[in-house]
Amino acid sequence: AFVLAEDGAALAAGVERLMFGTDWPVCTLAGSYEQVHGLVDDYTRALTAEARAKFFGGNAAEFYRLPA
C-alpha cells in the first residue's frame, strides 16, 4: 500500500491547511508528472469533493490571494 505524507499532516492540521505540490522536475525521475498527479488524485478520492477542491487548488488560491 502506498502512504503519503499527508496522512499524519491531514489528521493534525486538517485539509484546510494542505495543498497539492510536487518536487517537479525531480519527480519525473520516478515517473511522469501525470503519474505523480494520478497517484495523489487516486489517493485523495476518499476525501469529499469540497476537501479535494481545497487540496488541489482552493487552499493555494486563498493563501496566495489569487483571484477566483
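## Overall fold

The secondary structure of this predicted model consists of three helices and zero strands. Following the chain along its sequence gives the pattern α-α-α.

Of the 68 residues in the protein, 22% are buried. The accessible surface is about 5200 Å², and carbon and sulfur atoms hold 61% of that area.

## How H2 and H3 pack

Let's turn to one helix pair. Helix H2 covers residues 33-43 and helix H3 covers residues 49-63; their axes come within 11 Å and cross at roughly 150°. An angle over 145 degrees counts as roughly antiparallel, so H2 and H3 are roughly antiparallel to each other. The crossing of H2 past H3 is right-handed.

On the H2 side, the residues that meet H3 are His37, Val40 and Asp41, and their partners in H3 are Arg52, Phe55 and Phe56. Sorted by class, this contact has three nonpolar, one polar and two charged residues.

## A closer look at asparagine 59

Helix H3 also contains asparagine 59. Is asparagine 59 buried or exposed? Its relative accessible area is 8%, and because buried means under 20%, asparagine 59 counts as buried.

What is asparagine 59 in contact with, leaving aside its neighbours within four places in sequence? The partners are Val15, Glu16, Arg17, Leu18 and Met19, together with Lys54.

Notes:
Residues are numbered from 1 along each chain as its sequence is written. This is a predicted model: local features need pLDDT of at least 70, side-chain atom pairs count only at pLDDT 80 or more; totals for chains, interfaces and linings use all residues. Side-chain values use heavy atoms; hydrogens and water are left out. Axes are lines fitted to C-alpha atoms, for helices over the stretch in contact, and angles run from 0 to 180 degrees between N-to-C directions. Helices (H or I, at least four residues) and strands (E, at least two) are DSSP runs, numbered from the N terminus. Angles under 35 degrees count as roughly parallel, over 145 as roughly antiparallel, 65 to 115 as roughly perpendicular and the rest as oblique. A crossing is left-handed if the near helix is turned anticlockwise from the far one by less than a right angle, and right-handed if clockwise. Contact means heavy atoms within 4.5 Å. Ala, Val, Leu, Ile, Met, Phe, Trp, Tyr, Cys and Pro count as nonpolar, Asp, Glu, Lys and Arg as charged, and the others, Gly among them, as polar. Buried means under 20% relative accessible area, exposed over 50%, partly exposed in between (1.4 Å probe, protein chains only). Accessible areas come from the Shrake-Rupley method with a 1.4 Å probe; for residues, only the protein chains shown count as cover.
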